Amino acid sequence: MSRAVWWASVLVALAFTVWVGISWSMAEVSLSCSKIGESQSWFRCEDRLVDVLGIWPLVGLGLLLVLPPVVAALAMRRRVSWLVVAVLVGVAIAGLANWTSLWGSLLFAVLLAALGAVAAALQGRPAPGNSRERSVAAT
């Protein structure tokens, strides 16, 4: 169950990154565009992010959001899952610190951290009936 939650987090993070790159405009990440409606001379506020910034910042955004859940899904250890939740909280704090740029979209990691906390809490619990069978087998 928890592995499925981690993989769902990966898919959600990938979908969010693609959505940001394709549908967000510079007005959504540029403080000068959103405050006064003016941009620097080489782009317009209604230009798409991928057209202005290129693909590499979006690849970086995707890696920061996708890699922690992938690690947790592959490791399937409770400690690793809680460590990944902490990393995702750190990524969200980095997004808060950079809220006036593209990196402000790292705040999306709050949702991923919440999903990860659910996965980590569910992980490692024995299935009902298994603990009784183990205690009987141990005697």
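Predicted model: local features only at pLDDT ≥ 70, side-chain atom pairs only at ≥ 80, totals over all residues.
Local features are reported at pLDDT of at least 70 and side-chain atom pairs only at pLDDT 80 or more, while totals for chains, interfaces and linings use all residues. Residues are numbered from 1 along each chain as its sequence is written, and side-chain values use heavy atoms, with hydrogens and water left out.

The structure holds 4 aromatic pairs. Rings of Phe, Tyr and Trp (its six-membered ring) count as a pair if their centres lie within 6.5 Å; planes under 30 degrees apart are stacked, over 60 edge-to-face, and the rest tilted. One of the pairs joins Phe-16 and Trp-24: the ring centres are 6.1 Å apart and the planes stand at 90 degrees, so the pair is edge-to-face. Phe-16 has 10% relative accessibility and therefore counts as buried; Trp-24, at 15%, counts as buried too. Here buried means under 20% relative accessible area, exposed over 50%, and partly exposed in between (1.4 Å probe, protein chains only).

Phe-16 also pairs with Phe-108, with centres 4.0 Å apart and planes at 0 degrees, so this pair is stacked. Helices (H or I, at least four residues) are DSSP runs, numbered from the N terminus. Both Phe-16 and Phe-108 are buried. Together with Trp-19 and Trp-24, these two residues form one aromatic cluster.

Next comes H6. This helix has 14 residues and reaches 20 Å from its first C-alpha to its last, close to the 20 Å expected at 1.5 Å a residue; the expected span is 1.5 Å times one less than the number of residues. Its buried residues include Ala-109, Leu-112, Ala-113, Gly-116, Ala-119 and Ala-120. These six lie on the same side of H6, because they cover an arc of only 120 degrees around the axis, taken from the directions from the helix axis to the C-beta atoms. An α-helix has 3.6 residues a turn, so residues three or four places apart point the same way.

In the loop between H4 and H5 lies Met-76, which has a positive phi of about 50 degrees although it is not a glycine.

Helix H4 (residues 56-75) contains Trp-56, which counts as exposed because its relative accessibility is 67%.

Conventions: Helix = DSSP H or I, 4+ residues; strand = E, 2+ residues; numbered from the N terminus.
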